[in-house]
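Please look over the sequence and the structure shown here before reading on.

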Amino acid sequence: MSGDVATVLVVDFGAQYAQLIARRVRECRIYSEIVPHDITADAVRAKAPAAIVLSGGPASVHVDGAPRLDPEIYDLGVPIFGICYGAQLIAQQLGGTVGRNDRGEYGRTSLTKRAGGSALLDDSIAEELTVWMSHFDAITEVPEGFEATASTPNAPVAALECEARVIYGVQHHPEVVHSEQGQDVLRRFLVDLAGIDPTWTMSNIITDSVAAIREQVGDNKVICALSGGVDSAVAAAMVHKAVGDQLTCIYVDTGLMRLNESDQVVETFQKHQGIELIHVDAGERYFTKLAGVTEPETKRKIIGEQFIRIFEEFARGLDDAQFLVQGTLYPDVIESGTKDAAKIKSHHNVGGLPDDLKFDLVEPLRNLFKDEVRKVGSELGLPDEIVLRQPFPGPGLGVRIIGEVTPDKVEILQHADAIVRAEIREAGLETDIWQAFAVLADIRSVGVMGDERTYARPIIIRAVTSDDAMTADWARLPYDLLEKMSNRIINEVDGVNRVVYDVTSKPPGTIEWE
C-alpha cells in the first residue's frame, strides 16, 4: 500500500481469528496488515501505524514462554486495542492482574456495561450484549490509570480502558458474528477513538496497485499463467490496466475445465478485455498422460507437471518477457511467510513453477483477501461469471472423477456439474454456498429407465457452506431442489442412473473428493 494509506497492524498471538480481525478492520474501510507478535518497537515505529490491534491466542499469559508484546510499543503513542489474550496482555504488562479462574467462559455469554460511562462502550452500544467468549484466565485488577467498564459472570473485567493513553481491551471476540455489535465496537475504536479516516476503498487499491506495477515493470514485457479462476483473472486484468499490451496471457486448456468455461475465458480476455491471449488446447495431451491412472495424488502430480511443461514451452517463445504475474492472495502470504524472493519459487497458483524459470514476480493481489479480490474484479469490469465463480481445484475435473480420467467421463461430469450449478443459481442460493458441484464415482449401479434395466454411473452432489474453506459444513439444500437436480441429471445426462447427496462436513471429510 502507498505510504499515505492509514494502516492498522494486527499483532498475531497465534489466534485462529487473526485473519478475521484483519478482514473486519478492512470492512471498516481501513487497511490492515497482520504482523507477528515478536515485532519490535523499532519495526512498529518504521511502519508508522495509525493503530494496533492485539489478537487473541491459545496460550495463558501465565505459561512460561507465552508470547509477549515488546513493552516499548505501549510507549509509542499509537492507539492500541486488545482482544481476549491481547486484553489480558495489556493488563499484565502494564501492571494489572490476570487471575487463574477455576472455570472459563466459552461460547455465548452476557456482557453488562458498568455504570459511570465508557469511551469505548458509549451510548451507541447496548447496556447488555450477547458476546462470544473463549478464555480461561480473566483480568481481575486493571493497571493504574485504567478503568473496568464491563463484566460477565466469570470475567469481572470484561472491558478495560485508559482514555488518556488511547489503550482499550475487551475479553470477548468482537470480530465474530456471534458477538452483538462487535463490528460497532471495533469501528468505535478505529474511527472515533483512534481517529482513523475510513477512506480505504477498491478504487484506492486499484490506483495504488496500478502505480506499483508500472514502477516495477517499466517498459518490459509481462506474461501471466491464466488458469480461468478468479485470482489469476483479476491479477491479469489489474496488470493489463497498468501496462496494456506489454502483457501476454497463456491459458492452458487442460480439457478438464467445467462446461463452456474455456470458451468463456477466451471470450472475456481476448475479445472483451483486449488482452493478448495464447490459448493452448492441451486436452488430448492430458488424457494421454492420465490414461490408466487411478491414484488421486498421482493424477494431481501429472496434471501439475503437464501444466508446468506446457507453460515452459510457450513462455520460451516470449524471450523478451521479464516478469510473471501470479494471483497470490494475502492468506497465501500469511501462511507461507514472507515472499520477498525476486525469482519464482514453487507456488500452487500456477501449478508449481520450477525454480529455474527465471522471471521476476508480479503479485498485484498479495495484500488482498478473496472477497476483496472479487470486488476489485468487478471494479475492473470483469463479468460476474468470472469474479463470482466458485473455487475450483487446480487439477480441475480430474479430481472430481474418481478413478481413471477419460474424455467420456469428463463429458458426463461437465453436463451433470452444469445442472447442479444452474439449479443452485436458479434457486437464488449461489451467494450462500461456498461450493456446489458434481462428482463422478468409479462404480456402476443397477437402475430401471423406461422398461429397460440400466447399469450406469452415479453422480454425487456436493454442496458446502464455509467462510474460508479451512472448515466447511454440508449445505442443507431444500429437498425439492435436490429432487429437481436429480431428475434433470438422470434425464439429461447419458450414462447416469442414480444421484446421491454428500452430507459430510469438513472435518472429517474434505471439500473435494480427491
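Val217 has a relative accessible area of 1%, so it is buried; the cut-off for buried is under 20%. This value, like the others here, comes from a predicted model. Val217 belongs to helix H5, which covers residues 202-217.

Setting aside neighbours within four places in sequence, the contacts of Val217 are Val222, Val243, Gln246, Phe323 and Val362. His178 is 39 residues from Val217 in sequence, and the C-alpha atoms of these two residues are 45 Å apart in space.

## The whole protein

The protein contains 14 helices and 21 strands. Its C-alpha atoms fill a box of roughly 80 × 60 × 40 Å along the principal axes. For 514 residues, a compact globule would have a radius of gyration near 24 Å, and the 26 Å of this protein agrees with that.

Of the 514 residues, 55% are buried. Among contacts between residues at least 6 apart in sequence, 74% join residues at least 24 apart.

## Surface and charge

The accessible surface of the protein is about 22,700 Å², and carbon and sulfur atoms account for 47% of that surface.

There are 49 positive and 79 negative side chains in the protein. The centres of these two sets lie 4 Å apart.

## Aromatic rings

The structure has five aromatic pairs. In one of them, the ring centres of Phe13 and Tyr85 are 5.5 Å apart and the planes meet at 50 degrees, so this pair is tilted. The two residues are 72 apart in the chain, and the pair links distant parts of the chain. Phe13 sits in the loop between strand E1 (7-12) and helix H1 (18-27), while Tyr85 is in helix H3 (residues 85-93). Phe13 is buried, because its relative accessible area is 4%. Tyr85 also counts as buried, at 1% relative accessibility.

Tyr31 and Trp200 have ring centres 5.3 Å apart and planes at 55 degrees, so their pair is tilted. One aromatic cluster is formed by Phe81, Tyr168 and Phe189.

How values were computed:
Residues numbered from 1 in each chain as written. Predicted model: local features only at pLDDT ≥ 70, side-chain atom pairs only at ≥ 80, totals over all residues. Heavy atoms only, no water. Helix = DSSP H or I, 4+ residues; strand = E, 2+ residues; numbered from the N terminus. Rg over C-alpha atoms; globule rule 2.2 N^0.38 Å. Buried < 20%, exposed > 50% of the residue type's maximum accessible area, 1.4 Å probe, protein only. Contact = heavy atoms within 4.5 Å. Areas by Shrake-Rupley, 256 points an atom, 1.4 Å probe, with all protein chains shown as cover. Lys, Arg positive; Asp, Glu negative; His and termini not counted. Charge placed at Lys NZ, Arg CZ, Asp CG, Glu CD. Phe/Tyr/Trp six-rings, centres within 6.5 Å; stacked < 30°, edge-to-face > 60°.
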